[in-house]
Amino acid sequence: MEKVKKKIGSFSFWNWVTASIIFRLILIYFPKNLNLSSRPEVSTPLTSFRRLAEGYWLKQSFMSPYAGSMYHGSPLLLSLLGPLTINRIEGQPNHLLYSLVSVIADVVSAMLIRATGQNLRLAYLRSLESLDLVKQIEVSEFLFSGDIAALIYLCNPFTIVACVGLSTSPIENMAVILCLYGACSRLIPLAAFGWVIATHLSLYPAILIIPVIFLLGCGPDSPPRKLFLQRHQQKEVLNQSKLPPRFSWGPVIHFAFWAFLWSVYVLVLCGISLKQFGGLWEMFKSTYGFILTVEDLSPNIGVLWYFFAEVFEFFRNFFLIVFHVNILFMILPLAIRLRHRPCYLAFVYVAICSMLKSYPSVGDSALYLGLLGWFVNELADMQFSLFLFCGYVGVSLLSPVMHNLWIWRGTGNANFYFATAMVYACLQIVLVVEGVSAMLNHDRKLRNLITGKPQDAKS
Amino acid sequence: MVLLQRPHILLLLIGTHQFLQCWIAFGSVNEEGQKQAEFSEELLLKPLPDHKLLAHFHFQSSGPPSTSNGCHHHLFPKAISQLVQKFRIKEMELSFTKGRWNYESWGGFDPLSSSNAKPPGVELWAVFDVPQHHIDASWKNLTHTLSGLFCASINFLESTATYSTPEWSFPPASGNVRYGTLPCEAVCTENLTPWLKLLPCRDKAGIALLLDRPSLYRGFYHSQQLHLTSTGSSSEGIDSGIILEQTLTVVLQPNSEMAIEVHASEKHIQPSWSLSSIFGKQVSGRCVLAKPSSVYLLLDRGLSAANGLTSENFWSNPSFELSANPDRIFLEESSSHSKSLSILYMFQVEKYCESEPFDIGLMWKVPVAWLCQQTPLHASRFLMGSGNERAAIAISLKSTQFTEGFMSANSKDGSCELRVDVFQVVPWYVKVYFHSLRVFVDQQPRAVSDIIEKIHVSPSKDKMSPGVMEVVLKLPCRVNTAALTIEFDKGFLRIDEYLPDANQGFDIPSAIISFPNFHASMVFLEDDSLNKSPLLSKFQEKCPVMSYTEVLLVPLTTPDFSMPYNVITITCTVFALYFGSVLNVLQRSVAEEERFLKAKAAKKTGRLPLLLSKLSAKLRGRRLEPLHSPPSSSSFINSKLVLKVILVAGLAVGWQYFFS
């Protein structure tokens, strides 16, 4: 702990940020972007740069961007990023402008993560103070989780690859982070904007509305409210000012209003840009419909592509429902159990989505790994962290090898690649399960500290 | 009663008979008054430069308008007329082809090659005379009917993912045309037999007698076509019935034994042949129903020039000898851009009979070499890239110096341009990126907008429709090479969408390259007699010059076909693991946790561990120690567990070793 802190202290945060930016810029200048833009790990049918360029080309030639089954992104992205796919500066790499936008998006996301992390840390310290646990927990050893999270996000190879590989996931991630940041700092219009845009871009962040409501209703992460009550009962003084606030509906209604406003705005913009083509219905069909029906079976790091390539047509709809409902089923239990920690809840939701979504990419993993950095203090005694780390490294090395063997050399088999995808899914499951159990244990530890029980309740 | 009734019956019979006679007479009068069903059979033979022989059978039946004779047919096949009436077909062409037309040596600029060179497999296009929204339904029914009629899998063209709607680059283009190909269809005698059934004499008499299956399918190229033209539309008012053209084009290698005997020293001499030597049969008279029944021998421009044939000396020629005397000789009408003329020898089959069968032979005396007229640009197509993820299609156009004269003739002013139409259909699993279209002229990359005058694209939709690209290129006349490249991603299919031989790959149908500024036609002198011959009048029509490129074979990645159950079970296990373990973590409260630990401890003292510990104690030669109840640390459990696992594994290995 001490060492880590010293390290963080000696290397200043900003040095690391500049280093990561410079690293990105160097990678951008490599010829053909190191072929990263066509890697299955980076460019899924939803985030692929080539598909974006194709959609833009179709739109420029007065056809609906959704005319073929090439482009499945948002029409707004097409209007904003489309021109960057062909504009080029003389003597510079072809997609320099687009890459610069990705780099900026990454840096902005990192800054927002940092600000949110600081917010969360302050809230945590405040709640510990009000529980009089400052001495027991040794707050002085607390890491600056915001800085760590931002650095994890910026220096994560997954983020770098997604950024240099010209996928649209840096922008999607930025929208998600914007939403969480807005909710943490109580900038309700910003939170609503982030949520609407994130949902518009990739549908899955829609479930983040639950953590956002909790965030707006009772404020950022804190130990369960019951603990505060217990503490005050022990002291036999009920100091209302030290209690965390009760759930208040005001900001939530405010949020709902703004979310409605923004979504109307986004829909109107989409409608305008698709006016002469198929209109909004076509957009919904080829974005959300495409996500939900898993039409494209090209390999990615998820498990659904191979499953739906192999499963019998007769059962296809059944399994589509089962797999999507798997995400929805977990929403409620998690929300009940982690309602006092909305940011952590958001992290778990993002992790689950990136594990079960139809076209996952490393950009999604980059997001939840970055968010994981917020909770370094709480998750200090998480199990299997070394195993998980090694697993991630192993999978990210093996998966391209197996892909190469199967697709390029023809010596391997689809099963080899699928096996790495399976392992990756299992790793994420372990991460989610262990993360949730570590957080619950942490709460238990706090409670035991208050009630005075010996603190080995973990299994 | 019986006696009384009989005269009545007799009278009735007489009455009906008379009535029928009248009816028949009336019917025939009616037919003669309008138009009669006609049938013609013709065979055209043409020596090719690479020692091969082209035989082109042309059978044409014209059916009278449907209103004149109801559903009775004398000559015209009933199945076809029903087809036309039911689906309201304006024009239709179906071709079964095996082999590839060699544009370089067999030519591409004459009417014969531009209308009879077809892509391998089955090609079907049809123009319908129905409202727009009924066309697809008509097309589907038509494919099924033709599939039954010709014993071919044309019904695979039914799904929307296989056929396309060309807008303007396909020559018989209009809004109602549908076009589909099956490049991998195997064509064989089972397709020929139903085709022959449509002929009134089948292959029992007349020229069709020559269609000997083994010699036909031994050929280098074999294309069997059916072309329907119907003008029987109520909207136009003119009702001239249906014209059915059945053509069969084969390129054969004549046995060169005769030539070797005669001119053993001469290697380059063209092989001599006769009908009986190439088909193994002779024509014993015409099909009695055929009106013109004739055989033609065509010496094209290059050959006649090489032979020194001119309009004066074509009757007696020193370089070759015909075994039968031609009945007529036609000379091509001289055109502005070529000095040499094609010569057509005509033989009438009517003169011959069973006792004196018709057999024409051609014996070469001196070696000749010539070139066929070629298309302005020779088109070929190939794949670029490696691996099964992405690749690129390249269409390369190479100038054939042969037609330079045409181009200079066509160019009025200094800046002459050559217009090339490209029509390319790709199946949906070839996911083309249209923005990656590149144009190279003389190996230099050029801006797309400079060269491409017009482009129409309909992108492919997964499992719904194929990708169609229609491009008009404006190339400078002096161009040597031009190339179009376009990138694509290879799609991934579900296991049941793969063909039985999935690792063979998938075919991309031929692209059609047409030159709308050029028209191939052969106009022969002595027009009065030509009106009778449908084949020659077809030659006189101006048909656009077009050529088909090669079929491309794209290997696609395959999943493991034996794995569905494994994949389903493993994936579901992972999902169950996720669901179960997350729920488990969430619902575990402190009290439950303590209970869980207790239960674990209780389990430890179960029967099996007790037994095992006894066993281990015995192995160690020590007395059994009573187990400590509740283990306090988890590491203890783990070490115990590991020990147990190792023990069981050891037992298993020992067991295995002992019994094997």
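## Contact between chains A and B

Two residues are taken to be in contact if their C-beta atoms, placed from the backbone, lie within 7 Å. In this predicted model, 44 residues of chain A are in contact with 38 residues of chain B. On the chain A side, the elements that give two or more residues are α3 (49-60), α16 (304-310), α17 (316-337), α20 (385-409) and α21 (414-451). Of these, α21(A) gives the most, with 12 residues.

By residue class, the side of chain A that touches chain B holds 28 nonpolar, 9 polar and 7 charged residues.

## Helix α16 of chain B

Helix α16 of chain B runs over residues 564-587. Its 24 residues should span 34 Å at 1.5 Å a residue, and the C-alpha atoms at its ends are 34 Å apart, so the two values agree.

The buried residues of α16(B) are B:Val567, B:Thr571, B:Phe575, B:Tyr578, B:Val582 and B:Val585. An α-helix has 3.6 residues a turn, so residues three or four places apart point the same way.

## A sheet in chain B

Chain B also contains an open sheet of 3 strands in the order β9-β14-β11, with antiparallel pairing. The edges are formed by β9 (273-274) and β11 (320-322) of chain B; each has a single partner strand, so one side of each has no neighbour in the sheet.

Strand β14 of chain B covers residues 361-364 and pairs with β11(B) over 3 bridges in the antiparallel sense. Within this pairing, B:Leu322 has B:Leu362 of β14(B) as its bridge partner.

Key: Residues are numbered from 1 along each chain as its sequence is written. Chains are lettered from A and ligands numbered from 1 in the order in which they are written. This is a predicted model: local features need pLDDT of at least 70, side-chain atom pairs count only at pLDDT 80 or more; totals for chains, interfaces and linings use all residues. Helices (H or I, at least four residues) and strands (E, at least two) are DSSP runs, numbered from the N terminus. Ala, Val, Leu, Ile, Met, Phe, Trp, Tyr, Cys and Pro count as nonpolar, Asp, Glu, Lys and Arg as charged, and the others, Gly among them, as polar. Two strands pair if DSSP finds at least two bridges between them. The expected span of a helix is 1.5 Å times one less than its number of residues. A residue is buried if 20 or more other C-beta atoms lie within 10 Å of its own, exposed if 12 or fewer, and partly exposed in between; C-beta atoms are placed from the backbone.
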